[in-house]
Amino acid sequence: MRNPRFHLFGDTVSTASRMESNSRPGCFTVSQAARAAVELEAPEESKFQERGGVDIKGKGMMQLFFLVGR
């Protein structure tokens, strides 16, 4: 029996880990795509603060935001 391989989620987990390591303690950091999705679902309830561009290894420059209110 072979060991299961989890490379399917590897890129997502790696990106999330790198975003977290470039964040502030106690803050939720989201990508531009995640911000857009949240704003579509609950535009009145969600507030974001621009974090700015962050160089994420393997992804390049990513525009990140802090979730500051709901």
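Gly53 touches Met61, Met62 and Gln63, leaving out residues up to four places away in sequence; contact here means heavy atoms within 4.5 Å. The model is predicted: local features need pLDDT of at least 70, side-chain atom pairs count only at pLDDT 80 or more, and totals for chains, interfaces and linings use all residues. Residues are numbered from 1 along each chain as its sequence is written, and side-chain values use heavy atoms, with hydrogens and water left out.

**Overall layout**

- The protein chain has two helices and three strands; helices (H or I, at least four residues) and strands (E, at least two) are DSSP runs, numbered from the N terminus.
- Along the sequence, these elements follow the pattern α-β-α-β-β.
- Of the 70 residues in the protein chain, 23% count as buried, where buried means under 20% relative accessible area, exposed means over 50%, and partly exposed lies in between (1.4 Å probe, protein chains only).
- The protein chain exposes about 5700 Å², and carbon and sulfur atoms supply 53% of that area; accessible areas come from the Shrake-Rupley method with a 1.4 Å probe, and for residues only the protein chains shown count as cover.
- Among contacts in the protein chain with a separation of 6 or more, 45% are between residues 24 or more positions apart.

- Gly53 is found in strand β2, which covers residues 47-56.
- With a relative accessible area of 43%, Gly53 is partly exposed.
- The C-alpha atoms of Gly53 and Gln63 are 4.4 Å apart in space, while the two residues are 10 residues apart in sequence.
- Val68 has its place in strand β3, residues 60-69.
- Val68 counts as exposed because its relative accessibility is 52%.
- Lys47, Phe48 and Gln49 are touched by Val68, not counting residues up to four places away in sequence.
- Between Val68 and Gln49 the C-alpha to C-alpha distance is 6.5 Å, at a sequence separation of 19 residues.

**Strand β1**

- Thr29 lies in strand β1, which spans residues 28-31, and Ser31 is found in strand β1 as well.
- Thr29 counts as buried because its relative accessibility is 19%.
- Ser31 also counts as buried, at 18% relative accessibility.
- The side chain of Thr29 makes a polar contact with the side chain of Ser23 at 2.6 Å; a polar contact is a pair of N or O atoms within 3.5 Å, where within protein one must be able to donate a hydrogen and the other to accept it, and residues adjacent in sequence count only if both atoms are side-chain atoms.
- A polar atom of the Ser31 side chain lies 3.2 Å from the backbone nitrogen of Ala34.
- Setting aside neighbours within four places in sequence, Ser31 is in contact with Met19, Met62, Gln63, Leu64 and Phe65.

- A search of the whole structure finds one salt bridge, defined as a side-chain nitrogen of Lys or Arg within 4 Å of a carboxyl oxygen of Asp or Glu.
- The side chains of Glu39 and Arg35 meet in a salt bridge, at 3.1 Å from N to O.
- Both Glu39 and Arg35 lie in helix α2 (residues 32-41), four residues apart, or about one turn of the helix.
- Glu39 is partly exposed at a relative accessible area of 30%, and Arg35 is partly exposed at 24%.
- The charged end of Arg35 sits over the ring of Phe65, 4.4 Å from the ring centre; a charge sits over a ring if NZ of Lys or CZ of Arg is within 6 Å of the ring centre and within 35 degrees of the ring normal.
- Ala33 lies in helix α2 too, and Ala33 counts as exposed because its relative accessibility is 59%.
- Ala33 and Leu64 are 31 residues apart along the chain, and their C-alpha atoms are separated by 9.4 Å.

**Aromatic rings**

- The structure holds zero aromatic pairs; rings of Phe, Tyr and Trp (its six-membered ring) pair if their centres lie within 6.5 Å, with planes under 30 degrees apart counted as stacked, over 60 as edge-to-face and the rest as tilted.
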